[in-house]
Amino acid sequence: MLKKYKWSLLFSSLWLLLPPAAGLLLDDRLSENASARWGLAVGLPLFLLISQWLCVLLVWKDPKNRGQDPRVLRLAIWSLPTVSVGIQAMVWYAPEDPMGAERLMIAAMGLLFAVFGLLFPFCRPNHTIGVRLPWTLQSEENWKATHAFSGRVWLIGGILILLSAALPWKLTAAVSLLGLMALLVLPIAYSCRFAKKHPQTVPQAVSDREKKSTRFAAWLTAALLVVTAVLVGVMMASGDITLCYGTEALTIDANVWSDLTLAYEDIYTVEYRQTDEPGVRTFGFGNARLLAGSFRNEEFGDYTRYSYPSCAACVVLTTADGVVVLNGTDGESTERIYETLRARGVAVEKN
């Protein structure tokens, strides 16, 4: 069956590798950042490519997918490459909104969920695609009813998640998270309720092989849900900044981005501000907790940022290599950064 879809597999794999490959060849910012070069342009794409082929092999290994609807199989092939383009956009794309790349990712996920919703009613019983529960796997009637219902839920939920990308960021994050939970919980609740209302649809005897397949499908579904929840949580809420004040230099350690070391003699001025305007992220990392990387705004032009969006205050450093903006988790910790740097003798402009 792999031969029948060999071109789809080939082009989907190339599509998955295209954004990082283009960035590696065309974006000179990577030549100055070894960790970004290997992590973003090599490590992440290889991880996604391995995950893509692992998912495809799991689908193809299931004998029940030999009679599966071709549209469903093609969706299984293209779903992860589509998501990977959204993930890459969070790094390569420079929107006018600092959280614009994340909005783009959420919109792409909503669109993908809506497409899944359109194709769910055509999905035939199997152990790797669809709502795989003991009730759906043991009853074709339950499977059909559950996937007809799930199709409507995923279509409507996907459209709502897509539209939520246009809302203020806090509402976008809340609506998308609630929408994702609804997509997972409502089909399970419906399938369970259907099984209770139609007990005669559940066969009395199930073979050992079917029991093993059912257990495998249940464990696989649980594992995928846990992995998805962990990845979403990490992407949305990870990131910390640690400042190390050495005898001759300040080191900014961000655990989600490359570190930066600034010699005190190369810091010309330090300024504390109550408010801050990040501008556009041109290359770097950003989520609800942390912004790090290269940015651009009207005042500084291109500059470097390590900051927590939850804190309005910031410290602006004018250095030999340009402007660096950083802060702490709150105004008090940000002011401590300013006072510490002043004590190092970098508060007065140098010629």
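1. Contact here means heavy atoms within 4.5 Å. Among contacts in the protein chain between residues at least 6 apart in sequence, 64% join residues at least 24 apart. This is a predicted model, in which local features need pLDDT of at least 70 and side-chain atom pairs count only at pLDDT 80 or more, while totals for chains, interfaces and linings use all residues. Residues are numbered from 1 along each chain as its sequence is written, and side-chain values use heavy atoms, with hydrogens and water left out.

2. The protein chain contains nine helices and nine strands; these are DSSP runs numbered from the N terminus, helices being H or I of at least four residues and strands E of at least two. Of its 351 residues, 45% count as buried. Buried denotes under 20% relative accessible area, exposed over 50%, and partly exposed in between (1.4 Å probe, protein chains only).

3. An open sheet of three strands runs in the order 1-2-3 with antiparallel pairing, where two strands pair if DSSP finds at least two bridges between them. Strand 1 and strand 3 (260-263) stand at the edges with a single partner strand each, so one side of each has no neighbour in the sheet. Strand 2 and strand 3 are joined in the antiparallel sense over four bridges; Leu250 has Leu262 in strand 3 as its bridge partner.

4. Ala254 belongs to strand 2 (residues 249-254). Ala254 counts as buried because its relative accessibility is 3%. Leaving aside neighbours within four places in sequence, Ala254 is in contact with Asp240, Asp259 and Tyr306. Leu291 is 37 residues from Ala254 in sequence, and their C-alpha atoms are 9.8 Å apart in space.

5. A nonpolar core is a set of buried Ala, Val, Leu, Ile, Met, Phe, Trp, Tyr and Cys residues joined through side-chain atoms within 4.5 Å. The largest such core has 23 residues, of which Ile252, Tyr306, Leu317, Leu326 and Leu341 touch the most other members. Elements giving two or more residues to this core include strand 2, strand 8 (314-319) and helix 9 (331-343). Another core, of 15 residues, lies apart from it and has Ile106, Phe116, Leu119 and Leu183 among its members.

6. How many disulfides are there? The count is zero, a disulfide being a pair of cysteine sulfur atoms within 2.5 Å. Cys123 counts as buried, at 5% relative accessibility, whereas Cys244 counts as partly exposed, at 47%.
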